[in-house]
Amino acid sequence: MSLMMYLRDWMNKRMKRISEKIDKLLFDSNADELNVETTEFIECRIRKQTKNNYQKILDNSDRILLKDELYLKQIKLDDLAKLTYTNRNYLSYAIKDIKGTTYKHYINGFKLLHASRLLEHNPAMSLHEAGTLSGFARTSILLDELQRSHDPALDWMKKKYLCKK
């Protein structure tokens, strides 16, 4: 059994145990024992556990994308989900919940960092050439992603390539 399959199995078992504890609290307790504080605590634990699971999925996705530079290829959400041993819904939710963005912008973020590295190491390279080598179909898409980015590592690119308004 691979490590990822083991981790996924462990997370499923953990969520099942939490669910059983919640059911026990909800159905085996007296009505006055189940108060607002208890339900808020349970909801908080579930949100925290879900966020941790999403973070693990996203960490694994980041590692796979960076290791083989899959972001340079036209990798689809389904394909990346299979490589991270999850399904498209969980991966999509993880990207939305943790990164606050869509799959397309998530992948473009990797392409943008790749273009940034190319331009840093090759000052004579044009923005168009760096964008093409990074997998952007057009330079305008690269510039749009640069505009959307909040990564401080890309501040130098913003100063150099984006017009001041």
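In this predicted model, the largest nonpolar core has 18 residues, of which L65, I75, L80, L91, Y103, Y106 and I107 touch the most other members. Such a core is a set of buried Ala, Val, Leu, Ile, Met, Phe, Trp, Tyr and Cys residues joined through side-chain atoms within 4.5 Å; buried means under 20% relative accessible area, exposed over 50%, and partly exposed in between (1.4 Å probe, protein chains only).

Helices are DSSP runs (H or I, at least four residues) numbered from the N terminus. The largest share, five residues, is supplied by α2. Another core, of 13 residues, lies apart from this one and includes M125, L127, F136 and L146.

Beyond four places in sequence, Y106 is in contact (heavy atoms within 4.5 Å) with L58, S61, D62, L65, L80, I95, K99 and T101.

In helix α7 (residues 139-148), the buried residues are L142, E145 and L146. They line one face of the helix, because they fall within an arc of 105° seen down its axis, the arc being that of the directions from the helix axis to the C-beta atoms. Their cover includes α5, α6 (127-133) and α8 (155-161).

Helix α1 (residues 3-28) contains Y6, which counts as partly exposed at 46% relative accessibility.

Residues are numbered from 1 along each chain as its sequence is written, and side-chain values use heavy atoms, without hydrogens and water. Because the model is predicted, local features need pLDDT of at least 70 and side-chain atom pairs count only at pLDDT 80 or more, whereas totals for chains, interfaces and linings use all residues.

Notes. Helices (H or I, at least four residues) and strands (E, at least two) are DSSP runs, numbered from the N terminus.
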